[in-house]
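Here are my notes on this model, as numbered points. Please read them with the structure open.

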Amino acid sequence: MPAFRRSLIAFSIATALAACTQTGEPESREGAAPELSRQSPASGQPGRHQPATARPMEADAMMKLEEREAANTARLARQDLAFAAPAPHAWTGPASDRESYANFEDNGVVLVSRQPVSTFSIDVDTGAYSNVRRFLNGGRLPPRDAVRTEELVNYFSYDYALDDAGDAPFSINTELGRSPWNAGRHLLQVGVRALEPGGPDLPASNLVFLVDVSGSMNSPDKLDLLRTSLKLLAGQLDSEDRIAIVVYAGASGVVLEPTAGDDSGAIALALDRLQAGGSTNGAAGIELAYHLARQSFIEGGINRILLATDGDFNVGMTDFDALKDLVAAERESGIGLTTLGFGTGNYNDQLMEQLADAGNGNHAYIDTLNEARKVLVDEMSATLQTVAWDVKIQLEFNPALVSEYRLVGYENRVLDNADFNNDRVDAGEIGAGHTVTALYELILVDSGNPAVDPLRYGDGKAASGAGDFSGELAFLKLRYKAPGEDRSTLVNRPVLRDEVIDDLADNTDDFRFAVSVAGFSQLLRDNARVGDLDYEQVLALATPARGADPFGYRAEFLNLVRTAQVLEGH
């Protein structure tokens, strides 16, 4: 600092000190400039003044002055921050890649002579498809275990006939065609289409939004997208509906007590105030959400919790099976649980899927606002209103006509055959307007292309072809419970050999498109059972089978196939 300026400041200090009494400090004046005479520059003791002309004290005076100026600047800065609007959370990019997926192996080929019966639970989840899309759009092939074929196929709606539903809340359709990936083999498509009992008008809804606000949710693709997504759903409700919001992090709490669905201002304000921070005690939040849902239970209405999270539970009850048991115990109350997955880096896909299964609900992964609109607006009835519980499918294949079969997908939905008639065994639910599709690859007795060599010492049944069932490839049975019922209802129908369509080009668009999605999924899983199938063949099969595509989902699928083709270098 120049000597002239130091002398000038020292003179100013001396002048201020001379104007003070020897024993007191000047009264503070609110809003006045910082006082420089509250502390003696020389001794640091109040009221002890030294001559201003003492040159040795000039350096000490300058140091004290600079300290006071710095302190005052910091004080003013804190005042400005106290009245400023809250700063947005900074996003530092995706967390380390510690996403969790359940490991499973693809279904194998089964000899009908040894095991003629196949049983599985339906699955209406779609989370795997949008999660796979997230990976591909991000320039990465998805992990093998992130690809669940049935969820990719069931992401799309299919125009199955409804005219043969009878008393059941859904229709059952079958179609047979040739396999595009194995010459001489066939594919059986089983399609279920649920009715919409009230049309577009849903019963009154009692919804609890259970929102993860832990620190791991602090990114644009998590809490920010979550807020907007739930606002879309809230915008579809009216005065007869009720919405409550529960949040959880290290602890849980009620942000919005049950509120009329048309009180958009209160709902939006509660969602806008959510901030992320802390650890994740998901179990505490689940328990509180069920408690709140029971308080506002609507008889004959929709009672459902929507859990929105990345699934990264890290405090409280964190054991996977214990969390499933907690949710399973609550489902008997008639309150369903739907899981909405968000985010990347630490996404717990396994937990999200299994919690929804245990809670009589479905699982979706929200990677974009458009996906939120699909799940929570366009398919709101299917997401919220269940028309059939514990839906199980069982096929018995005729060994006279079918030598082998393979269920394509549904690996974690396979049931023991005895579970089909056991009403205590939990299975999947189907929502209003939902379509569910399953595919079997069949090897017929006369195909000449078996995957497994025939038994040398067979029992002879495979060649008999006798009896009244000689024209039946299989017998299809389905069990379901009406909502709130304990006993299941059985529906069944035969699958006839005459239904086989010899030219794949003559099959319906829905059949060919579903088969192309299943083929794409098996390529992503590197499944050796699809022979020489490649992405070009998938595109060739799917492109002319797009059919009616009002929202562009099938066109988007074609682009994802092309992206995967580039990423694999094919």
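**Notes on the predicted model**

1. Start with a loop. Y410 lies in the loop that links β12 (402-408) to β13 (428-431).

2. The backbone at Y410 deserves a look. Its phi is near 65°, a positive value in a residue other than glycine. Is Y410 buried or exposed? Y410 counts as buried because its relative accessibility is 1%, and the cut-off for buried is under 20%.

3. D526 also has a positive phi, about 55°, and is not a glycine. This residue sits in the loop between α12 and α13. D526 has 66% relative accessibility and therefore counts as exposed, the cut-off being over 50%.

4. Next, a helix pair. Helix α3 (residues 127-137) and helix α14 (residues 553-568) have axes that come within 10 Å and cross at roughly 50°. That angle is why α3 is oblique to α14. The crossing of α3 past α14 is left-handed.

5. Which residues make this contact? From α3 come Y129, R133, L136 and N137. From α14 come Y553, E556, F557, L560, T563, A564 and L567. Sorted by class, the contact of α3 with α14 holds seven nonpolar, two polar and two charged residues.

6. The largest nonpolar core has 39 residues. Which of them touch the most other members? They are L152, F156, F513, F520 and F557. F557 is also one of the α14 residues in the contact with α3.

7. The largest share, nine residues, comes from α12.

8. Leaving aside residues up to four places away in sequence, L152 touches A128, Y129, V132, V147, V517, F520 and S521. Among these, F520 is itself one of the core residues that touch the most other members. Y129 turns up again in the contact of α3 with α14.

Conventions: Residues are numbered from 1 along each chain as its sequence is written. This is a predicted model: local features need pLDDT of at least 70, side-chain atom pairs count only at pLDDT 80 or more; totals for chains, interfaces and linings use all residues. Side-chain values use heavy atoms; hydrogens and water are left out. Axes are lines fitted to C-alpha atoms, for helices over the stretch in contact, and angles run from 0 to 180 degrees between N-to-C directions. Helices (H or I, at least four residues) and strands (E, at least two) are DSSP runs, numbered from the N terminus. Angles under 35 degrees count as roughly parallel, over 145 as roughly antiparallel, 65 to 115 as roughly perpendicular and the rest as oblique. A crossing is left-handed if the near helix is turned anticlockwise from the far one by less than a right angle, and right-handed if clockwise. Contact means heavy atoms within 4.5 Å. Ala, Val, Leu, Ile, Met, Phe, Trp, Tyr, Cys and Pro count as nonpolar, Asp, Glu, Lys and Arg as charged, and the others, Gly among them, as polar. A nonpolar core is a set of buried Ala, Val, Leu, Ile, Met, Phe, Trp, Tyr and Cys residues joined through side-chain atoms within 4.5 Å. Buried means under 20% relative accessible area, exposed over 50%, partly exposed in between (1.4 Å probe, protein chains only).
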